[in-house]
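Could you take a look at this one with me? I jotted down some notes while going through it.

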Amino acid sequence: MEFYEAINKRKTTREFLDTEVDFEVIKRILGAGNKAPTWDHNRNWQFIVLRTDEEKEYAFSEAKAVADKFNADRYHSNQKN
C-alpha cells in the first residue's frame with residue numbers, strides 16, 4: 001500500500017463492539033507496533049493487556065487514585081518574565 005493511500009484510508013473509530021479480540025491478534029498488533037520507527041531506536045515499551053472487566057476497573061481505579069493526588073502546580077513555573 002502506498003503511503004498516501006494509507007493516509008487517505010485511515011479512519012477514526014468512535015464506537016467499539018463488545019466482542020473479545022483473539023489474543024493472537026493482539027500479539028500481532030503489538031509486534032507490528034514494535035517494528036515502527038522510533039527516535040534513536042528507543043523501544044523500551046511495556047504493555048499491559050487488560051482482558052476482563054475486573055482488570056479494567058481495577059487499573060482505572062488505581063490510575064484515578066494517582067491522578068487525584070497529582071499536583072500540577074509543582075510543574076508550573078512561578079517565575080515572571
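Here are my points, from the overall picture down to single residues.

1. Before anything else: this is a predicted model, where local features need pLDDT of at least 70, side-chain atom pairs count only at pLDDT 80 or more, and totals for chains, interfaces and linings use all residues. Residues are numbered from 1 along each chain as its sequence is written, and side-chain values use heavy atoms, with hydrogens and water left out.

2. What is the secondary structure made of? The protein has three helices and zero strands, so called from DSSP runs numbered from the N terminus (helices are H or I, at least four residues; strands are E, at least two). Reading from the N terminus, the order is α-α-α. The radius of gyration is 19 Å, well over the 12 Å that the globule rule gives for 81 residues, so the protein is more spread out than a compact globule. (That radius is taken over C-alpha atoms, and the rule is 2.2 Å times the number of residues to the power 0.38.)

3. Along the principal axes, the C-alpha atoms fill a box of roughly 50 × 40 × 25 Å. As for burial, 0% of the 81 residues are buried; buried means under 20% relative accessible area, exposed over 50%, and partly exposed in between, with a 1.4 Å probe and protein chains only.

4. Now helix α1, residues 3-9, which holds I7. I7 counts as partly exposed because its relative accessibility is 48%. Together with F3 and Y4, I7 makes a nonpolar surface patch of about 390 Å². Patches take residues with over 30% relative accessible area and no salt bridge, joining like charges within 9 Å and nonpolar side chains (Val, Leu, Ile, Met, Phe, Trp, Tyr) within 5 Å. A salt bridge is a side-chain nitrogen of Lys or Arg within 4 Å of a carboxyl oxygen of Asp or Glu, and areas come from the Shrake-Rupley method with a 1.4 Å probe, where for residues only the protein chains shown count as cover.

5. Which residues gather in a patch of negative charge on the surface? They are D18, D53, E54, E55 and E57. Asp and Glu count as negative and Lys and Arg as positive, leaving out His and the chain ends; a charge is placed at NZ of Lys, CZ of Arg, CG of Asp or CD of Glu. E57 belongs to helix α3 and counts as exposed because its relative accessibility is 57%.

6. Helix α3, residues 53-69, is also the place of Y58. At 55% relative accessibility, Y58 counts as exposed. Between the C-alpha atoms of Y58 and E2, 56 residues apart along the chain, the separation is 42 Å.
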